[in-house]
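Subject: The model we talked about

Hi there,

Please have a look at it alongside the text.

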Amino acid sequence: MIPAFTAQSTGVSLENRASPTATEPEIIPRSAHNVSREEISKSALKVLYRLHKSGYQAFLVGGCIRDAMIGLHPKDFDVATDATPDEVKALFSNCRLIGRRFRLAHVRFGREIIEVATFRASANHDGDDAEQDVEGRIIRDNVYGSIEEDVWRRDFTCNALYYNIADFSIWDYAGGAADIRDRVLRLIGDPGQRLREDPVRMLRAVRFAAKLGFDIADDVVNAIAGNTQLLTNVPAARLFDEFLKLFQAGHAEKTFELLRHYDLFAELFPATEAAIRDDDGFLPFIMAALRNTDRRVAAGKSVTPMFLLGVFMWSPTRRLADEIRREEKMSEGQALSLASYQLVADQQRRVAIPRRFTVPMREMLALQPRFATTRGKRAMNFLEHRRFRAAYDFMVLLTEVGQFDEQLMAFWTDAQCQSREDRAASFQIHGKPRGRRRNRRRGRRRSGSGSPGSS
Ligand code: ATP
Ligand code: MG
């Protein structure tokens, strides 16, 4: 059940938020739901109990309750309370206040952080600490309120279930429990308005659909269709954070398919989308990389965003590098480096990728031509390059989809575990065995004169 909303004109700078007429929650007692305290982190419980004992309301809300209800094990716990951030800070010595757009309290327990948010009201009075831009996007929002007000500001009904630590019941104002049962993602209020307020909700819809296997409600699908271009108004730094959640949460392949299905991917990575359309081999390569990322996440291995970003940039970079080389004489590696520099600069306007990722990513791409050479010292020294491993993994993936030579790949795979002597033989380097003079080495040597296997 979605409550009716009334739109009233107040004539103030903020667009009217959907404001609910229903303010009574359906209270689901502990005996009628499956969210057990076993599933809740000890730290989150500590925060909830202390708030409660100090006379405040204390609820768990958001993804943790949603996930627990569908039998996933939540790992991220968000607390909502009527205590203000300063009041929260006064209760916990391990607490820090953060954020400007939303002021929040972070209570730290070792490596775990419990986020505590004060209930917020919809702000529509002059002088409120809230702001929207001309398109209706909320820029700042720090007006505190009650739980009855807080609920309507959340995005999806399934994200608006409140678990009350006072009696372990779940408060459901927006029909979230029914939507979880029906496995549907429904925005609270008018979908068009909610997406204009925060276009990132379109990405969140896709992310949750991929993660939970839920359908996106028809009215949300329709509203997305008319609003995809609004993503260009979202700060690029926020879209990078969202990129990480979209592609590093273990459902990258499904997420990517849905992003493309709803024409959202082109808003984030326009050059990648254009290249997919005119380079047949590009999509299979991307899909292989996404599957690989999901496998790594499932196995608990680390993933770096620079690898996938490199994959997304690969076809456009190669194409531009070819153009550059037609105009100017330079090596393939140099042209790839230059091309990726230009493309990354364009891409940054959409998704702000920090330099610590763009620099290694460009190196990884520019190194690809070096896998074609297997003779001589320079080729052998490539094994010692600090970006060799990333470049190698990238090349393996290209080989997997038939876009690089299998024998060359096998050569570089074997070379990594060979002894110094065998390696020199593989690279057809003749002469005295290297390494004996190592201790007498002084100053810098010309590259190629050291012993790659020994460092
Ligand atoms: P997960 O942690 O699995 O990514 P989540 O639902 O907990 O999912 P968070 O980003 O942690 O997502 O946000 C916590 C809660 O805050 C959400 O469940 C939702 O109620 C609310 N929320 C977060 N972002 C928005 C948004 N952009 N618009 C409205 N409500 C939001
Ligand atoms: Mg969360």
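In H13, the buried residues are Phe 282, Phe 285, Ile 286, Ala 289, Leu 290, Asn 292, Thr 293 and Asp 294. A residue is buried if 20 or more other C-beta atoms lie within 10 Å of its own, exposed if 12 or fewer, and partly exposed in between, with C-beta atoms placed from the backbone. Helices (H or I, at least four residues) and strands (E, at least two) are DSSP runs, numbered from the N terminus. The cover over the buried residues of H13 includes H9, H10, H12, H14 and helix H18 (388–400). H13 has 17 residues and reaches 24 Å from its first C-alpha to its last, close to the 24 Å expected at 1.5 Å a residue; the expected span is 1.5 Å times one less than the number of residues. After H13 comes Gly 300, with a positive phi near 75°.

Before going further, please keep in mind that this is a predicted model: local features need pLDDT of at least 70, side-chain atom pairs count only at pLDDT 80 or more, and totals for chains, interfaces and linings use all residues. Residues are numbered from 1 along each chain as its sequence is written, while chains are lettered from A and ligands numbered from 1 in the order in which they are written.

On confidence, pLDDT is the predictor's confidence in each residue, from 0 to 100. The chain averages 89, and 86% of the residues score at least 70. Over residues 1–19 the pLDDT is below 50, and this stretch has 41 contacts in the model beyond near neighbours in sequence. Residues 440–455 also have a pLDDT below 50, with 19 contacts beyond near neighbours in sequence. Two residues are in contact if their C-beta atoms, placed from the backbone, lie within 7 Å.

As for the chain as a whole, its secondary structure comes to 20 helices and 14 strands. Of its 455 residues, 39% are buried. Among contacts between residues at least 6 apart in sequence, 67% join residues at least 24 apart.

Now to H12 (residues 270–278), where Ala 271, Thr 272, Ala 275 and Ile 276 are buried. Seen down the axis of H12, these buried residues fall within an arc of 140°, so they line one face of the helix; the arc is that of the directions from the helix axis to the C-beta atoms. Arg 277 and Asp 278 are exposed on the other side of H12. The buried residues of H12 pack against helix H13 (282–298), helix H14 (305–327) and helix H15 (332–347).

H7 is mostly covered, with 10 of its 13 residues buried. Among the buried residues of H7 are Val 200, Arg 201, Met 202 and Phe 208. Their packing partners include helix H6 (191–197), helix H8 (218–227), helix H9 (236–247) and helix H10 (252–261). At 1.5 Å a residue, the 13 residues of H7 (residues 200–212) should span 18 Å, and the end C-alpha atoms are 18 Å apart, which agrees. Just after H7, Gly 213 has a positive phi of about 70°.

Which residues surround ligand 1? They are Gly 62, Gly 63, Asp 76, Asp 78, Arg 154, Asp 155, Asn 159, Ala 160, Asp 198, Val 200, Arg 201 and Lys 245. A residue is near a molecule if its C-beta atom, placed from the backbone, lies within 6 Å of it. This shell divides into 2 nonpolar, 3 polar and 7 charged residues. Here Ala, Val, Leu, Ile, Met, Phe, Trp, Tyr, Cys and Pro count as nonpolar, Asp, Glu, Lys and Arg as charged, and the others, Gly among them, as polar.

Most residues other than glycine have a negative phi. Phe 168, though not a glycine, has a positive phi of about 65°, and lies in the loop between strand S11 (161–164) and strand S12 (170–172). Arg 183 has a positive phi near 55° and lies in the loop between helix H5 (176–182) and S13.

Finally, Glu 39 is in the loop between strand S3 (26–28) and H1. Leaving aside neighbours within four places in sequence, Glu 39 is in contact with Ala 68, His 73 and Pro 74.

Best wishes
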